[in-house]
Amino acid sequence: MNAIELTTPKEKVQQLQEKLGHAAKTNKSRKFHALYDKVYRMDVLQEAWRRVRANKGAAGIDGETMADIAKIGEDLFLTECQQRLSNNNYRPQPVRRHYIPKKDGRKRPLGIPTVRDRVVQMATKLILEPIFEADFQESSFGFRPKRGAKQALERIRKACNRKGNWVVDIDIQGYFDNINQEKLMKLVEMRISDRRVLKLIRQWLGAGVMEEGTVRRSDLGTPQGGVISPLLANIYLNYFDLLWEKHGKEVGELTRYADDFVVVCKTRKDALHAFKLIQAIMERLELTLHPEKTRIVGLWTGEEGFDFLGMHHRKMKAETGQNCVYYTTQQWLCKKAEQHIREVVKERLAPPKMRHVSIQEHVNWLNLRIQGWKNYYATPYSSKWMTKLDWYIRTRLTRWYAKKRQRDRWRSSGNEVKLLSQMYGLKTLL
């Protein structure tokens with residue numbers, strides 16, 4: 001009987017990743033020198049395209065969209081990518097600069113690579129990720145397979161409950177824009193010796209940004225918005241994680257999610273020592289801590305708390321069945337997250353153009369988001385905030401309904417909307 005054949009590109013890529021990951025774990029000092037041909041393997045490119053397509057996203061500077069590629073034919077597009085890579089004439093294009101407005105009036109810059117560059121970056125990531133995963137630390141949770149924010153939050157909660165009364169809350173100033181590219185490449189070279197793969201990464205780092213018709217290039221930073229960026233950013237900060245494991249482990253417990261991290265310490269003295277150690281390692285990495293957003297927080301009286309990954313963390317009094325009072329770490333959604341939810345709901349229901357939309361369509365749209373928010377923000381301690389947000393969603397829906405029905409007084413529609421919400425199955429956060 002024949003062995004089971006791997007049929008889909010996804011399965012073939014998974015098997016390849018397992019082999020690479022196993023080889024990297026087995027020998028921690030092994031350098032990989034024959035990877036480039038794997039980047040342009042057709043099954044790898046097909047899986048890369050599947051992932052890029054699922055992420056959707058806009059066109060880069062060449063204006064080519066996903067729909068355009070579907071029109072000319074996905075197979076033709078991938079064969080062309082394969083040929084360019086195998087003939088060594090693939091050249092990435094500069095990323096298109098796009099600005100997202102922030103609440104404080106400033107704008108957050110985002111780089112949008114071309115669809116072709118995103119596919120090649122994804123193919124490269126599929127090959128490199130399992131190798132570097134073997135080196136990444138337990139304390140790191142951001143942009144890693146099978147790891148996420150919820151696990152990071154749980155690690156922090158447990159650390160705080162193990163007499164962790166002081167927290168060093170760190171924010172790196174403009175992290176993605178300030179990574180030293182030469183140092184980053186040295187860290188990549190500790191595992192990768194395939195010159196063509198290294199050249200690919202250097203090309204992406206140097207591709208630059210197209211803004212108002214001119215290309216700007218920089219010796220600093222990773223291509224934000226690029227598929228490969230989160231992996232490169234983790235490789236760079238893994239240096240910090242390793243040094244912390246070596247010199248800071250006794251001082252406090254580190255939890256890192258991409259460029260955001262906290263260290264939970266038992267005493268104020270430990271927290272101050274941790275802060276100095278963090279500063280010293282950051283200097284080596286040529287990174288700067290944000291002066292306003294970086295702080296030391298004392299948790300033990302319950303007067304102070306800190307925000308991390310959309311949740312507020314604070315020690316609060318609780319009682320056992322025998323009326324013994326103790327402090328426990330409670331987590332609930334932070335003010336910023338609460339404000340964001342309100343804005344999302346308002347943006348959907350307030351505009352006049354949304355009045356023609358049916359209540360069923362609105363409920364379907366809201367339910368998707370409510371479920372997502374509930375999955376992330378619901379904790380045993382968040383019911384007060386969730387109740388407030390449920391009330392806000394119902395109020396917004398009532399205002400929308402009154403406008404749709406051309407009624408002057410929206411409050412009088414409350415009971416009607418309550419019944420309609422039940423009828424159409426509006427979910428609640430609580």
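Biologist: What makes the side chains of Arg50 and Glu47 a salt bridge?

Modeller: The N to O distance between the side chains of Arg50 and Glu47 is 2.8 Å. The cut-off is 4 Å, between a side-chain nitrogen of Lys or Arg and a carboxyl oxygen of Asp or Glu. The pair falls within that cut-off, so the name applies. Keep in mind that this is a predicted model.

Biologist: Why can such side chains pair at all?

Modeller: Their charges are opposite, and pairing can occur when the charged atoms come close.

Biologist: How are Arg50 and Glu47 placed in helix α3?

Modeller: They sit 3 residues apart in helix α3, residues 42-55, so about one helical turn separates them.

Biologist: Which is Glu47, buried or exposed?

Modeller: Glu47 has 2% relative accessibility. Buried means under 20%, so Glu47 counts as buried. Arg50 has a relative accessible area of 35%. That value lies between 20% and 50%, so Arg50 is partly exposed.

Biologist: How do you know that Arg147 and Glu138 form a salt bridge?

Modeller: Their closest N and O atoms are 3.1 Å apart. The limit is 4 Å, so the pair qualifies. Glu138 has a relative accessible area of 58%. Exposed means over 50%, so Glu138 is called exposed.

Biologist: What about Glu211 and Arg216?

Modeller: Their side chains meet at 3.4 Å, N to O. With the limit at 4 Å, this is therefore a salt bridge too. Arg216 is partly exposed, at 45% relative accessibility.

Biologist: Which residues do salt bridges that share partners join into one network?

Modeller: Glu47, Arg50 and Arg51.

Biologist: How many salt bridges does the count come to?

Modeller: The count is 22 salt bridges.

Biologist: Now a loop. Where does Ser382 lie?

Modeller: Ser382 is in the loop between α14 (359-377) and α15 (383-404).

Biologist: Why does Ser382 count as buried?

Modeller: Ser382 has 1% relative accessibility. Ser382 touches Trp332 and Tyr377, leaving aside residues up to four places away in sequence. A polar atom of the Ser382 side chain lies 3.4 Å from the backbone oxygen of Tyr377.

Biologist: How does the reach of α15 compare with the expected value?

Modeller: α15 has 22 residues and reaches 31 Å from its first C-alpha to its last. At 1.5 Å a residue, 32 Å is expected, and the reach is close to that. After α15 comes Gln406, with a positive phi near 55°.

Biologist: On to the sheets. Which order do the strands of the 3-strand open sheet have?

Modeller: The order is β9-β10-β11, and the pairing is antiparallel.

Biologist: What makes β9 and β11 edge strands?

Modeller: β9 (305-308) and β11 (325-333) each pair on one side only.

Biologist: What is the pairing in the open sheet of 4 strands?

Modeller: The pairing is mixed, in the order β2-β1-β4-β5. Its edge strands are β2 (107-112) and β5 (214-216). From one strand to the next, the twist averages 45°.

Biologist: How many bridges join β1 to β4?

Modeller: There are 2 bridges between β1 (residues 95-101) and β4 (residues 209-211). At least two are needed, so β1 and β4 pair. These strands run parallel. Val95 has Val209 as its bridge partner in β4.

Note on methods:
Residues are numbered from 1 along each chain as its sequence is written. This is a predicted model: local features need pLDDT of at least 70, side-chain atom pairs count only at pLDDT 80 or more; totals for chains, interfaces and linings use all residues. Side-chain values use heavy atoms; hydrogens and water are left out. Buried means under 20% relative accessible area, exposed over 50%, partly exposed in between (1.4 Å probe, protein chains only). A polar contact is a pair of N or O atoms within 3.5 Å; within protein, one must be able to donate a hydrogen and the other to accept it, and residues adjacent in sequence count only if both atoms are side-chain atoms. Contact means heavy atoms within 4.5 Å. The expected span of a helix is 1.5 Å times one less than its number of residues. Axes are lines fitted to C-alpha atoms, for helices over the stretch in contact, and angles run from 0 to 180 degrees between N-to-C directions.
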